[in-house]
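Work through these exercises with the sequence and the 3D view side by side. Try each task before you read its solution.

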Amino acid sequence: MLRALTSALRLPSPWRPREARGCAANPAAANREIQVCALAGPDQGITEILMNRPSARNALGNIFVSELLEALAQLREDRQVRVLIFRSGVKGVFCAGADLKEREQMSEAEVGVFVQRLRGLMNEIAAFPAPTIAAMDGFALGGGLELALACDLRVAASSAVMGLIETTRGLLPGAGRRLSGAQAQALGLVNHAVAQNEEGNAAYHRARALAQEILPQAPIAVRLGKVAIDRGIEVDIASGMAIEGICYAQNIPTRDRLEGMAAFREKRAPRFVGE
C-alpha cells in the first residue's frame with residue numbers, strides 16, 4: 001500500500017516555467033469567457049481565473065466549461081502559480097450555475113455527457129496542486145456554489161447569495177434555499193464573510209490578501225501540505241500519518257527546506273526558489 005501511495009503522491013517532474021502571462025498580454029483573450037491573469041510585482045505568483053460571461057451570468061455552458069478545463073490543464077503544470085484565485089468579471093454574480101437554456105437544447109444522452117464533464121471540472125479544481133481561493137462577490141447558485149466548494153478557501157461578500165437544496169443528508173448546492181454570505185459562514189460553507197464595498201469586489205480584495213499571506217511560504221511544502229490534507233482526510237489516522245510521512249520525505253532533499261532552516265538560524269526572511 002505504501003509503495004502505491006508513494007507513487008501516487010510524488011510531485012510532477014521538475015519545473016518548466018511558462019512565459020509570463022499578463023492581463024493585457026493577449027487582446028484576443030478579452031473575448032473569452034474564461035480569462036487568465038498572472039499578477040506581477042509583489043503579487044507575482046498569484047494567478048487569477050476571471051469568469052466573464054455577462055450575457056448568461058457566468059452560467060456553466062459548453063464553451064465556459066471547455067475554456068475553464070483548458071485553463072486548468074495549462075496552469076496545473078505551471079509552477080510559477082503559487083495561488084489561484086477564481087473571481088467574476090460580472091458585477092453581482094459569481095456563477096449562476098447550470099446554463100438551463102443551453103441544456104434545453106440537448107438530448108438526454110448529451111445531458112448525461114455534459115453532467116459528467118461538470119463533475120470532471122469540479123474534480124480538476126479540487127485536485128489543483130496549488131491553493132485555490134473563490135472570491136464570491138455575488139450569486140453562487142447550484143453548480144456555481146459547487147465550483148466554489150471545490151476550492152480550498154472561500155470568501156463571500158455579506159451580500160452574496162448562495163443557493164442550496166436542503167435534504168435529509170444536509171445542505172447541497174442547488175436552488176431550494178438561499179443564504180447570505182454571513183449565513184454561509186455560520187454554516188461553515190465559506191471561510192470568510194466581508195462587508196461589500198461600493199465597487200462590488202470586497203470578497204476579491206479579501207481573497208487577494210489571503211493569497212498574499214500564502215505567497216511567502218515555501219511553494220513545494222505548500223503543495224505537499226495540500227496533498228497530505230486532501231489525501232489524508234479520506235483515510236484512517238494510520239494511513240493519514242503514512243501519507244504525511246511520504247509527503248515530508250519529498251520535501252527533505254529540497255533546497256527550500258535548507259533555505260528555511262538557514263533563514264531561521266540567521267533571523268532573516270527566507271528566499272524560496274521552489275527547488
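**Exercise 1.** Which residues are linked with Glu33 in a network of salt bridges?

*Solution.* Start with the ground rules. This is a predicted model, in which local features need pLDDT of at least 70 and side-chain atom pairs count only at pLDDT 80 or more, while totals for chains, interfaces and linings use all residues. Residues are numbered from 1 along each chain as its sequence is written, and side-chain values use heavy atoms, with hydrogens and water left out.

Next, the term. A salt bridge is a side-chain nitrogen of Lys or Arg within 4 Å of a carboxyl oxygen of Asp or Glu. Side chains of opposite charge can pair when their charged atoms come close.

Now the network. Glu33 is linked with Arg53 and Asp99. Take the pair Arg53 and Glu33: their side chains meet at 3.6 Å, N to O. This pair links distant parts of the chain. Arg53 sits in the loop between strand 2 (46–51) and helix 2, and Glu33 in the loop between helix 1 and strand 1, 20 residues apart. Helices (H or I, at least four residues) and strands (E, at least two) are DSSP runs, numbered from the N terminus.

**Exercise 2.** Are Arg53 and Glu33 buried or exposed?

*Solution.* Check the cut-offs. Buried means under 20% relative accessible area, exposed over 50%, and partly exposed in between (1.4 Å probe, protein chains only). Both Arg53 and Glu33 are buried.

**Exercise 3.** Which parts does the pair Arg32 and Glu70 tie together?

*Solution.* First, the contact. The two side chains, Arg32 and Glu70, form a salt bridge of 3.3 Å, N to O. Arg32 lies in the loop between helix 1 (2–9) and strand 1 (34–38), and Glu70 in helix 2 (residues 62–75), so the pair ties together parts 38 residues apart in sequence. Arg32 is partly exposed, at 29% relative accessible area. Glu70 is also partly exposed, at 39%.

**Exercise 4.** Where do Arg87 and Glu48 lie?

*Solution.* Their side chains meet in a salt bridge at 3.2 Å, N to O. Arg87 is in strand 3 (residues 83–88) and Glu48 in strand 2, 39 residues apart. Glu48 is buried, with a relative accessible area of 4%.

**Exercise 5.** How many salt bridges does the structure hold?

*Solution.* The structure holds 10. Now place that in the whole chain. The chain has 10 helices and 11 strands. Of its 275 residues, 43% count as buried.
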